[in-house]
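Here is a friendly tour of one protein model, helix by helix. Please keep the sequence and the 3D view at hand as you read.

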Amino acid sequence: MTTIEKKPWLETPLIESASLSKTAGCRVFLKLDLLQPSGSFKSRGIGNLIRNALQNPANQGKELHFYSSSGGNAGLAAVIAARDLNCPCTVVVPHSTKPMMITKLRDVGAADVIQHGDSWFQADTYLRETFIDNQEGDSAARRNIYVAPFDHPEVWEGAGTMVDEIARQMPPRRGTAFPADAVVCSVGGGGLFNGVVQGLGRYTQSQEGKGNVRVLAVETKGADSLALSLREGSLQPLPAITSLATSLGALQVAPQALKNAQSPPPGVDVVSVVGSDAEAARGSIRLADEMRLQVELACGISVEVGASARLREYVPGLTPESRVVIVVCGGSNITAEMIAVYRKRLQEGWE
């Protein structure tokens with residue numbers, strides 16, 4: 001088995017924000033995963049999957065080529081992680097993918113960017129049928145590896161590395177296994193959410209009687225597939241994605257995400273939160289104004305929920321000394337011009 005020392009993700013800073021803490025009425029910390037090499041938390045999970053594939057004894061001596069079916073943050077993370085580990089990565093995107101994202105994928109080193117179909121599902125099906133299924137046997141010198149955007153245990157494991165970092169970076173606190181009261185994270189397909197919940201579970205199982213850590217699983221209306229499944233009590237697909245927060249646009253969450261929301265590990269509570277696109281825009285603007293950081297709507301919604309007076313609805317008993325971590329998951333589908341448009345729409349009454 002080959003040991004690859006290099007990890008294609010970074011340990012990102014955890015900073016306490018005085019301005020956001022004042023608004024929320026507690027101590028608000030920001031886990032700045034927008035500083036990952038790809039611009040989002042996706043570098044962790046997808047980087048872990050690619051790194052593990054390179055270390056897999058079954059792949060030793062083979063030329064590996066990675067394939068991603070995301071034209072957004074997952075695609076960028078796959079290309080950059082593969083590039084940094086000296087492997088090629090091809091991305092298949094639907095025709096709806098913005099030219100800006102296709103240019104980014106090419107600029108960061110994609111071996112190829114192929115456009116196919118009208119949706120991610122069609123692009124993904126084409127990728128699997130063309131490049132992954134029916135490959136030659138184990139003796140082949142080349143192997144194509146499918147890079148799952150969110151529904152894979154190695155993706156969750158990689159995302160969960162941020163929990164260990166938070167535990168080290170947070171000011172120590174006596175009497176609890178994990179030094180925060182709540183973690184706020186956005187949910188699309190569930191890769192980040194699963195990583196956070198399962199990562200916290202490693203700390204909280206020994207915390208009985210010391211207070212649970214609450215995870216706020218945040219979505220926008222129109223991309224709220226986890227909330228829908230929780231209401232129905234079973235895995236359910238959305239009829240369509242109608243939110244502007246397109247990075248949250250999984251029609252159906254990973255089955256494990258529903259399991260983790262319904263039955264989280266001991267010591268972890270999960271609360272489903274759904275906000276509007278306008279609230280997401282307010283979060284993106286809030287972060288830009290107060291921290292000079294730009295994030296897309298899929299991240300802005302967690303900022304708005306975690307750094308506003310609304311937080312008290314979901315974390316009862318908050319005090320000025322309570323600690324809340326917002327995962328600033330990032331995202332590359334944002335520009336200063338887009339933030340200016342959001343600001344103008346809000347000024348015109350966008351709700």
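## Terms and ground rules

Contact means that heavy atoms lie within 4.5 Å. Helices (H or I, at least four residues) and strands (E, at least two) are DSSP runs, numbered from the N terminus.

The model is predicted, so local features need pLDDT of at least 70 and side-chain atom pairs count only at pLDDT 80 or more, while totals for chains, interfaces and linings use all residues. Residues are numbered from 1 along each chain as its sequence is written, and side-chain values use heavy atoms, with hydrogens and water left out.

## H9 and H10

Let us begin with a pair of helices. In H9, Leu226, Ser229 and Leu230 meet Ala257, Leu258, Ala261 and Gln262 of H10. By class, this contact of H9 with H10 has five nonpolar, two polar and no charged residues; Ala, Val, Leu, Ile, Met, Phe, Trp, Tyr, Cys and Pro count as nonpolar, Asp, Glu, Lys and Arg as charged, and the others, Gly among them, as polar.

How do the two lie against each other? Two packed helices are described by the angle between their axes and the distance between the axes. Axes here are lines fitted to C-alpha atoms, for helices over the stretch in contact, and angles run from 0 to 180 degrees between N-to-C directions. The axes of H9 (residues 225-232) and H10 (residues 255-262) come within 10 Å and cross at roughly 60°. That makes H9 oblique to H10: angles under 35 degrees count as roughly parallel, over 145 as roughly antiparallel, 65 to 115 as roughly perpendicular and the rest as oblique. The crossing of H9 and H10 is right-handed, the term for a near helix turned clockwise from the far one by less than a right angle, with anticlockwise giving left-handed.

## H2 and H3

H2 (42-55) packs on H3 (residues 73-84) at an angle of about 50°, with the axes 9 Å apart. H2 and H3 are therefore oblique to each other, and H2 passes H3 in a right-handed crossing.

On the H2 side, the contact uses Lys42, Ser43, Ile46, Gly47 and Ile50; on the H3 side, it uses Asn73, Ala74, Ala77, Ala78, Ala81 and Ala82. The residues of this contact of H2 with H3 divide into seven nonpolar, three polar and one charged.

## H11, H12 and Glu304

H11 (residues 277-291) and H12 pack at an angle of about 85°, their axes 6 Å apart. The two helices H11 and H12 are therefore roughly perpendicular to each other. H11 brings Asp277, Glu279, Ala280, Ala281, Arg282, Gly283, Ser284, Arg286 and Leu287 to the contact, and H12 brings Leu297, Gly300, Ile301, Val303 and Glu304. The residues of the contact of H11 with H12 divide into six nonpolar, three polar and five charged.

Is Glu304 buried or exposed? Glu304, in helix H12 (residues 297-306), counts as buried at 9% relative accessibility. Buried means under 20% relative accessible area, exposed over 50%, and partly exposed in between (1.4 Å probe, protein chains only). Leaving aside neighbours within four places in sequence, Glu304 is in contact with Glu279, Arg282, Gly283 and Arg286.

## H7 and H8

The buried residues of H7 (residues 161-169) are Thr161, Met162, Val163, Glu165 and Ile166. They pack against strands S1 (14-16), S2 (27-32) and S10 (323-328), and against helices H2, H6 (153-159) and H8. Ala167, also found in H7, counts as partly exposed at 22% relative accessibility. Not counting residues up to four places away in sequence, Ala167 touches Phe178, Pro179 and Tyr203.

H8 (residues 191-204) has 14 residues and reaches 20 Å from its first C-alpha to its last, close to the 20 Å expected at 1.5 Å a residue, a span taken as 1.5 Å times one less than the number of residues. H8 is mostly covered, with 11 of its 14 residues buried; among them are Phe193, Val196, Val197 and Leu200.

## Two asparagines with positive phi

Asn86, in the loop between H3 and strand S4 (89-93), has a phi near 65°, a positive value in a residue other than glycine. Asn86 is exposed, with a relative accessible area of 73%.

Asn134 is placed in the loop between H5 (120-132) and strand S6 (142-147). Its phi is near 60°, again positive in a residue other than glycine, and at 78% relative accessibility Asn134 counts as exposed.
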